[in-house]
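Here are some notes to read alongside the structure. Take them one at a time, and find each residue on screen as you go.

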Amino acid sequence: TLLYTIKFEIPRVKMTAEDLEAEIQEEREKGRKNWDHPISFILAAVGSAVGLGNVWRFPYLVSKFGGAPFLIPYFLILFFVGMPILGMELCIGTFFQAGDADAFGSMNPRLRGIGLASVFAGYAITFYYCIILAWAFVYFGESFQATSNIPWLENTGEYFSEVSMSTGNITGAFNWRTFVCLIAVWVIIFLCLFKGVKTTGWVVKFTVPLPLLILLILIIRAAFLDGSKDG
């Protein structure tokens, strides 16, 4: 039996706070952009962690897998696996002041694949989330009509199939409406990112609190509807 042992050597660097500040300042002088304020970074981190799945998918999974008992393993994984890994990644990024691949590769070249995998995962999530946002844009545009003319009132499933399918309908006509909305989504993403964290920092100050505010308004509104106590 052959035993293969891979030795990961993580350099032990003794660095004071002054040395770290000097290194960060050196990176800034090289042209690497940093967040204008810690609040911007925190909002960006919250925005990347809290999204459609938290509002739409998570309550469905809780109901499907037993309600409150499902929260027991969920919180165990959250506090003992998810949050420690998140803290580790934040510390690594702050210390090395680099992207995912370079940060993990600085510890050991063999770990560079971890950073590349996280970048690939980010791209994969972005691609399918853009489609969902395009559908939302279609619904948003159609909602500016009289209530009696809203197209999905009669058959919600059929209308969603028309919006979501790339061919549009059974005749094979191209769904230009969804395509234009998808292009609009990518243009907005470009405008939010083309100057790096400088523009992103301002964008998250608006995009992260706004959905929470809207959700709070909807909850208050729903609480005053007939039958809300039964719900």
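1. Let's start with a single residue. Glu142 belongs to helix α6, which covers residues 112-142. Keep in mind as you look that this is a predicted model.

2. Is Glu142 buried or exposed? Its relative accessible area is 16%, and the cut-off for buried is under 20%, so Glu142 counts as buried.

3. Which residues does Glu142 touch, once neighbours within four places in sequence are set aside? They are Pro151, Trp152, Tyr159 and Arg177. Two of these names, Trp152 and Tyr159, will come back in the next point.

4. Now look for the largest nonpolar core, which has ten residues. Trp152 and Tyr159 are in it, together with Cys130, Ala134, Val138, Ile150, Val163, Cys181, Leu182 and Val185. Two or more residues of this core come from each of α6, α7 (156-164) and α8 (176-193). As general background, nonpolar side chains in soluble globular proteins tend to be buried together.

5. Not counting residues up to four places away in sequence, Val185 touches Cys130, Leu133, Ala134 and Phe137.

6. Another core lies apart from the largest one and has five residues. Ile92, Phe104, Met107 and Leu111 are among them.

7. Next, a pair of helices. Two packed helices are described by the angle between their axes and the distance between the axes. For helix α2 (residues 38-49) and helix α9 (residues 197-207), the angle is about 65° and the axes are 9 Å apart. The crossing of α2 past α9 is left-handed.

8. Which residues make that contact? From α2 come Ser40, Leu43 and Ala44, while α9 brings Gly201, Val204 and Lys205. By type, the residues of the contact are three nonpolar, two polar and one charged.

9. Finally, step back to the whole protein. How many helices and strands does the secondary structure have? There are ten helices and zero strands. Of the 231 residues, 15% are buried. The protein exposes about 17,700 Å², with carbon and sulfur atoms supplying 69% of that area.

10. One last number concerns contacts along the chain. Take the contacts between residues at least 6 apart in sequence: 52% of them join residues at least 24 apart.

Note on methods:
Residues are numbered from 1 along each chain as its sequence is written. This is a predicted model: local features need pLDDT of at least 70, side-chain atom pairs count only at pLDDT 80 or more; totals for chains, interfaces and linings use all residues. Side-chain values use heavy atoms; hydrogens and water are left out. Axes are lines fitted to C-alpha atoms, for helices over the stretch in contact, and angles run from 0 to 180 degrees between N-to-C directions. Helices (H or I, at least four residues) and strands (E, at least two) are DSSP runs, numbered from the N terminus. A crossing is left-handed if the near helix is turned anticlockwise from the far one by less than a right angle, and right-handed if clockwise. Contact means heavy atoms within 4.5 Å. Ala, Val, Leu, Ile, Met, Phe, Trp, Tyr, Cys and Pro count as nonpolar, Asp, Glu, Lys and Arg as charged, and the others, Gly among them, as polar. Buried means under 20% relative accessible area, exposed over 50%, partly exposed in between (1.4 Å probe, protein chains only). A nonpolar core is a set of buried Ala, Val, Leu, Ile, Met, Phe, Trp, Tyr and Cys residues joined through side-chain atoms within 4.5 Å. Accessible areas come from the Shrake-Rupley method with a 1.4 Å probe; for residues, only the protein chains shown count as cover.
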